[in-house]
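Reader: I'm new to this one. Could you pick a single part, take me through it closely, and then show me how it sits in the rest?

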Amino acid sequence: MNETNKSYDKADAVNETNKVDMTDYPLYKMSIKNNHKHPIKVSIVMPTYNKYHQTSLSLYGLSKQTFPHAEYEVILVDDASSDNTSNILKEVDVPFKFKYIQMKQNKGRSSVRNIGINHAEGDLLIFLDGEMLAPPAFIENHYKHHVHESNLVVTGAMHYEGVYTFIMPDYNEDQVAHLKELVGRDPEYRRLYENYEQTKQHSNVPCPLVTKEDIDTNRFQRLSFPNRYFLNSGLKHFGERLEGFTLPYIAFLSGNVSVRKANLKKSGLFDETFVGYGAEDWELGYRLYKNGVQFVLDPSTVAYHQEHGISKRKVKEQWGNHYRFVNKHPHIDVLILSLEWKELPFMHIHQTLVEYNELEERFPDEYNELKHAFCTMLFRIIEYLNNGQPVTKLYDLPEGSEERIKIHQQFETLRPRGFDYLASSFEQIYYL
């Protein structure tokens with residue numbers, strides 16, 4: 001990473017800094033700042049919606065990268081925000097090529113990411129959410145993986161850190177309690193918080209905690225905390241390359257993930273029928289996985305998620321998109337994720353899938369009724385959640401029916417034959 005901007009004339013860069021090229025398209029307007037001709041190696045695609053304050057800090061973090069500034073671009077796709085996001089273009093002073101795409105109407109995460117992809121000049125794409133704060137070596141650490149290998153997905157999202165950079169009026173009770181605990185680590189942050197507490201009834205706007213200087217000095221880390229949901233669920237046992245893990249596509253989390261553009265062209269872009277929150281990234285990750293892409297977890301590519309209020313719509317949107325996912329790919333290695341509803345750890349879900357596949361291999365002509373019931377129930381969990389139905393009686397058969405008797409007989413032989421995880425998972429959703 002010792003490359004220099006040999007062909008990039010710095011005098012030209014200064015002259016172009018204040019110049020903005022603008023193009024009007026039917027669905028959006030695109031403005032380009034620092035529109036130099038130096039070859040771009042990395043394109044960062046950042047969708048954002050009504051996250052003006054956090055996005056401004058994120059762009060500042062990206063301006064402090066160790067990667068040569070002339071060799072990466074940031075494409076901020078504003079999904080028709082109603083806050084001050086449109087001011088960012090004239091407010092930010094960035095050293096990289098900056099493309100600001102302003103949607104004329106809200107289109108959703110998949111659509112705006114695809115627009116960003118289509119305007120990307122780099123061979124390597126990093127998807128980064130607009131509220132993610134990237135440390136200085138962030139781009140460099142993503143890029144180094146892809147230099148010698150062309151078939152990778154690299155993710156830092158499974159190690160992500162959270163950070164409170166603002167006091168947001170719409171924080172829930174848990175977030176407020178957590179923030180109160182964290183500000184106690186630093187007298188200045190505690191003073192800012194106490195001042196906010198005294199005046200909050202007069203204000204409904206975010207209160208800044210973290211400054212650009214705090215980012216430069218890493219002081220902001222006093223308000224950060226680790227989020228290890230996936231790793232704590234057992235994934236750390238599989239190592240950086242998830243060797244042997246049956247669900248590697250769940251590492252494709254679009255808040256912080258990199259992949260070569262050529263791999264996306266082969267597997268297809270984000271499915272734009274996924275609107276709202278959730279599953280659109282896993283669905284694309286699944287297609288990449290089926291096309292043989294290797295998934296890599298790298299904690300050095302971590303970024304800090306700037307905490308914000310949590311929309312109550314998210315849960316409904318998530319189940320709706322998960323339902324689209326299982327409808328599009330009704331295969332056992334997608335259906336099995338329904339067990340998350342039972343709050344089973346990913347290690348348990350993985351082992352269940354390992355045993356299901358082993359059952360298929362060892363006993364291809366047996367357990368047909370049980371396997372059919374299991375897959376049907378997994379599908380119905382998501383179907384019922386999407387419809388707002390109680391998740392109960394997933395496979396309700398009359399007492400004494402031939403199919404019910406067969407399923408019970410087949411179930412009774414699972415544990416004696418060593419299929420403990422499969423038996424446990426089946427039992428939990430069948431209510432034996």
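Predicted model: local features only at pLDDT ≥ 70, side-chain atom pairs only at ≥ 80, totals over all residues.

Author: First, a term: a residue is buried when its relative accessible area is under 20%, exposed when over 50%, and partly exposed in between, using a 1.4 Å probe and protein chains only. Residues are numbered from 1 along each chain as its sequence is written, and side-chain values use heavy atoms, with hydrogens and water left out.

Let's look at Leu242. With 4% relative accessibility, Leu242 counts as buried. Its phi is positive, about 50 degrees, although Leu242 is not a glycine. Here's the background: most residues other than glycine have a negative phi. You'll find Leu242 in the loop between α9 (229-232) and β13 (256-260). Those labels are DSSP runs numbered from the N terminus, with helices being H or I of at least four residues and strands being E of at least two.

Now put Lys393 beside it. Lys393 also isn't a glycine, and its phi is positive, near 50 degrees. But Lys393 counts as exposed, because its relative accessibility is 58%. Its loop runs between α15 (368-387) and α16 (402-412).

What about the strands? Two of them pair if DSSP finds at least two bridges between them. There's an open sheet of 4 strands in the order β7-β15-β9-β12, with mixed pairing. At its edges sit β7 (132-133) and β12 (224-226), each pairing on one side only. Inside that order, β9 (residues 161-163) and β15 (residues 304-306) run parallel, joined by 3 bridges; Glu161 has Tyr304 of β15 as its bridge partner. Elsewhere, β1 (residues 20-24) and β2 (residues 28-33) are antiparallel over 5 bridges, and they make a hairpin with 3 residues between them. There, Asp21 is partnered by Ile32 in β2.

Stepping back, the protein has 17 helices and 15 strands. Of its 432 residues, 54% count as buried, Leu242 being one of the buried ones. The C-alpha trace spans about 80 × 55 × 40 Å along its principal axes.
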